[in-house]
Amino acid sequence: MILRDLYASIVVFFVALPLCLGIAMASGAPLFSGIIAGIVGGIIVGMASGSQLGVSGPAAGLAVIVLNAIATLGSWEAFLLSVMLAGVLQIGMGYLRLGAIAYYFPVSVIKGMLSGIGLVIILKQIPHALGYDRDFEGDLAFFSPDGESTLGYLVDTLYDVSPAAILVTVISMSILLLWEMVLYKKYRIFQILQGPLVVVAIGILLSYLFDEYIESLNFETDDLVNLPVALSIQDFAGQFTFPDFSHLANPEIYFIALVIAVIASLETLLCVEATDKLDPLKRVTSTNRELVAQGLGNTVSGLIGGLPVTQVIVRSSANITFGGRTKLSAIFHGVLLLICVIVIPGVLNMIPLASLACILFVVGYNLAKPSLFKAMYELGWSQFAPFIATVMGILLTDLLKGIGIGMVVAIFFIIRSNLKTDYELFHKENDEIKKIRLVLAEDVSFLNKGSISKALKKFDPGSWVIIDGSKSKYIDHDIIEIIRDFTVNAHIRNINVEVIGIPTLETKNKYQRIMETRYGRSDSSAVKS
């Protein structure tokens, strides 16, 4: 088990490294702040979290917020104070048990989120695989900060490809496919030695050979990992910065802290729900504990100069895809980030982004397999429509907006379903009595007013109507008022009414008295006969 986690952590480390740097660059923050956030997300959050497979670090969804916040506050040190306070707020949210919000997202939307992110990963990595590295690693939005769209980048890629990147991509994808389809299944040694590690090693080797011997295939700086290199321990320590507490009197600090806390918590809770769905062992994460862990991570990250952290689906799904089984893999990946940026930053800067793109292709495919689309379609439109709406929303906007679109569609189908199932009618006739039983649904809200009012108006004069709320767990006050008006005015239409299961409306009416007189029993037993 530990070996599986160790191998998975190495893959997650290679995936996380360029993402940390890319998100920092897009946020207008020091590049090393992304690495700090990755280390804190791996070690601090990993140890405090109850999630066995979730991996935390800087999130692309916060990049624009960070960029604007730094500009608003006027300094990086002031922004770090907001990050630290956001962490304190998240800890409070966890202890207030606000993590329960995660349970209110439908499965169809969560699966749509996973598939949408999978497709975005594939689309976003195509330019990196071909050597067009204008967009930052980790960007999941349809429109990038420079205004260019995902489709625009794909078109531009065709006019500016790198032969070196294409060669690395072809070799890397060949290795990964060979590993997955042949070697992994036949030989145990290839189950121990993971394909992505070989891909990264070969990428470094090719990068070195191109640089030394084949000038026409040299990689440009943008085509490689670009980690800040510290020349000494003092130089390394100098990359850490601290909050400026003199800004505590600035109201903007607290507003930005609140925004970061809310958005980071929402992204984390969505990722927790999605990661639990992917977990082969089907474990369930405590969402309240996760909020506390994320709050602790953001407090520490803000104190030492890091970006805000959240649990992130790209790294979490890579962890699951390549064999992670416990939280040790997330912790190990943080330790690797810390060690490698100190010891071998120069070697890491030889990794082609094309090699990492191929690894992410595998991650993206596992999230958006065609079989999942087929399975969701077979469940019917009430499941498929929110699923596909979430997928398209994420593809054409960004993560949070896409989920919002999916939720709107899901709520529409929930409302439509409730309107159809607000009651059932049972008719029973004999020589003396035409009896109608109206059984209310488990949950009856104000949305059901129209259909229930129409049903009550259709009863014929002379009917005996039993309104049964005994199966209902919730009946809205508006519905109770409609039923009360009907019982008060029913005698005008020569309709006898009995209400059961709704304590405030239960009455012994003329029908009950007749049953007691004729049969010596109450209506409740007569109804069951």
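Predicted model: local features only at pLDDT ≥ 70, side-chain atom pairs only at ≥ 80, totals over all residues.

Visitor: Which residues of α3 are buried?

Guide: In α3, residues 63–73, the buried ones are Ala63, Val66, Ala69, Ile70 and Leu73. They cover an arc of only 125° around the axis, so they sit on the same side of α3. Buried means under 20% relative accessible area, exposed over 50%, and partly exposed in between, with a 1.4 Å probe and protein chains only. The arc is that of the directions from the helix axis to the C-beta atoms. Helices (H or I, at least four residues) and strands (E, at least two) are DSSP runs, numbered from the N terminus.

Visitor: What do the buried residues of α3 pack against?

Guide: They pack against α1 (2–26), α4 (76–95) and α11 (251–278). Contact here means heavy atoms within 4.5 Å. Just after α3, Gly74 takes a positive phi of about 90°.

Visitor: Why is the pair Arg437 and Asp468 called a salt bridge?

Guide: A salt bridge is a side-chain nitrogen of Lys or Arg within 4 Å of a carboxyl oxygen of Asp or Glu. The side chains of Arg437 and Asp468 meet at 2.7 Å, N to O, so the pair qualifies. Arg437 lies in strand β4 (residues 434–440) and Asp468 in strand β6 (residues 464–468), so the pair ties together parts that are 31 residues apart in sequence. A search of the whole structure finds 6 salt bridges.

Visitor: Is Asp468 buried or exposed?

Guide: Asp468 has a relative accessible area of 5%, so it counts as buried. Arg437, at 21% relative accessibility, counts as partly exposed.

Visitor: What makes Asp478 and Lys449 a salt bridge?

Guide: Their side chains meet at 3.7 Å, N to O, which is within the cut-off, so the name applies. Asp478 lies in helix α21 (residues 477–489) and Lys449 in helix α20 (residues 449–457), so the pair ties together parts that are 29 residues apart in sequence. Asp478 is partly exposed at 28%, and Lys449 is partly exposed at 34%.

Visitor: How many residues apart are Glu481 and Arg484?

Guide: Both lie in helix α21, 3 residues apart, about one turn of the helix. An α-helix has 3.6 residues a turn, so residues three or four places apart point the same way. The side chains of Glu481 and Arg484 meet in a salt bridge of 2.6 Å, N to O.

Visitor: How do you know that Ser49 is buried?

Guide: Its relative accessible area is 3%, so Ser49 falls under the cut-off for buried. Ser49 is placed in the loop between α2 (31–48) and β1 (55–58).

Visitor: Why is the link between Ser49 and Glu290 called a polar contact?

Guide: A polar contact is a pair of N or O atoms within 3.5 Å; within protein, one must be able to donate a hydrogen and the other to accept it, and residues adjacent in sequence count only if both atoms are side-chain atoms. The side chains of Ser49 and Glu290 are joined at 2.4 Å, so the distance meets the cut-off.

Visitor: What is the span of α14 set against?

Guide: Helix α14 (residues 328–343) has 16 residues and reaches 22 Å from its first C-alpha to its last, close to the 22 Å expected at 1.5 Å a residue. The expected span is 1.5 Å times one less than the number of residues.

Visitor: How do you know that Pro352 is buried?

Guide: Pro352 has a relative accessible area of 0%, so it counts as buried. Pro352 is found in the loop between α15 and α16 (353–367). Pro352 and Leu224 are 128 residues apart in sequence and 4.4 Å apart in space, C-alpha to C-alpha.

Terms used. Residues numbered from 1 in each chain as written. Heavy atoms only, no water.
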